[in-house]
Amino acid sequence: MTHKAGFVNIIGSPNVGKSTLMNQLVGERISIITSKAQTTRHRIMGIVNTADYQIVYSDTPGLVNSAYALHDSMMKFVQTALQDADILLLVIEVGEKKLNHLETLDKIVASDVPILIALNKIDKSDEVIVKEQMEFWKEKILRAEIFPISALHGFNVDSLFNRLIELLPKGEPFYDKEDLTDKPLRFFVSEIIREKIFIHYKKEIPYSSEVEIESFKDLGHIIHINANIMVERPSQKGIIIGHQGKGLKRVGTEARKDMEIFLNKKVFLQMHVKVDKDWRSKKTRLKHYGYNS
Ligand code: GDP
Ligand code: MG
C-alpha cells in the first residue's frame, strides 16, 4: 500500500466536543477537556501513526466573535487551520443551527477540501431530531458528509475514522513517526494546570489566567517544575490563592497527580501567582505567552 499522510483540522463552536473527539481519534489524552467554553486557546496537534499512514489532527479554539485581542489571536489559529487542511472536520452539537463566526462558514463553503461533519452529542437526543439536524446541515454545506456520533461515549467514531483514512491523500509523513504531538512537554504541563483552574474557579478567573512554566528539570527519578499562574488583576490573585492558600493548594495537588500520570514520573511542583496587568488586551504580552500565529 502507498503511504498516506495529511492534516485533519477540527473546527466548530465552543464546547461542542472538539477536544473530546480529537482525544478519541488520537487515543491519548493530549488536549484538555472541560465543560466550559473557550478552554482550548491554541491550536493543538495530535499525531496518529501506523505503518501505512500518518494523520495530523489539529484541535482549534472554538469559533467566537472577537471581543478582545486574545480572541483575535485565537481566531488566527482557526484561520490557519482552515488554510492548511487536507480534510476539514466540523463538529456540530445536536441542536446547533448556526456558527458564531459566519465568515468561517463562508470560507468552508468556498474551499474545496473534503468536509466531514461530526454531529456530536447524539446521546442527548433522539432519532427524529438527529435526522432533522442532518438535513439542515446538509443543505448549508452541500458537499459535507455527516456522521452522527457521541464523542464522549465513542459511538460511531469508528465510521468517521474509517472515512478519514479513505480521504487521506497519498504522501510521506510530515513528522517523525515517534512523535505524538508537535508541542513540548512543558506545554502539556501548563495545560494541566490551566484545566484545574477552569474546573475550580468561576466567572472571569479562568479566562483571565495564563500559566507559564518557568523551569522544567528532569532529575532522573523526579521532575522539578516551577510554574507561574498569571492573572490580570491583584484581586484575582487573592481569589486563586484562596483562604489560607487552600485554593492554590488544591490546584497544585490535582495538577501534580495528573502530571505524574502523564509524565510517568514523580513530580515536584512549585507554583506562584503573579499579576500581569490586563495581559489579555496587550499584544506584546500575548506574544510573550505564545499567542502569535
Ligand atoms: P470543545 O470546546 O469543543 O473542545 O469541547 P470539549 O471537548 O471540551 O467538550 C465540552 C463538553 O462537552 C465536555 O463537558 C464534554 O464532556 C462534553 N461532551 C463532549 N462530547 C460529548 C458527547 O458526545 N455527549 C455528551 N453528552 N457530552 C459530550
Ligand atoms: Mg477544546
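## Terms and model

Two strands are taken to pair if DSSP finds at least two bridges between them. Helices (H or I, at least four residues) and strands (E, at least two) are DSSP runs, numbered from the N terminus.

The model is predicted, with local features requiring pLDDT of at least 70 and side-chain atom pairs counting only at pLDDT 80 or more, while totals for chains, interfaces and linings use all residues. Residues are numbered from 1 along each chain as its sequence is written, chains are lettered from A and ligands numbered from 1 in the order in which they are written, and side-chain values use heavy atoms, with hydrogens and water left out.

## The six-stranded sheet

An open sheet of 6 strands has the order S2-S3-S1-S4-S5-S6, with mixed pairing. Its edges are S2 (44–49) and S6 (145–148), each of which pairs on one side only. From one strand to the next, the twist averages 20° (axes are lines fitted to C-alpha atoms, for helices over the stretch in contact, and angles run from 0 to 180 degrees between N-to-C directions).

Strands S1 (residues 4–12) and S4 (residues 87–93) are parallel and share 5 bridges; Ile11 has Leu90 in S4 as its bridge partner. Helix H5 (residues 157–167) packs on this sheet, touching S1, S3 (53–59), S4, S5 (115–120) and S6, where contact means heavy atoms within 4.5 Å. The direction of H5 makes about 115° with that of S3.

## The three-stranded sheet

Strands S7-S8-S9, in that order, form an open sheet of mixed pairing. S7 (210–218) and S9 (266–275) are the edge strands. S7 runs antiparallel to S8 (residues 222–231), joined by 8 bridges, and Ile213 stands opposite Ala227 in S8.

Helix H6 (residues 185–200) lies across S7, S8 and S9 at about 135° to S7. Helix H9 (residues 246–263) also lies across S7, S8 and S9, running at about 140° to S9.
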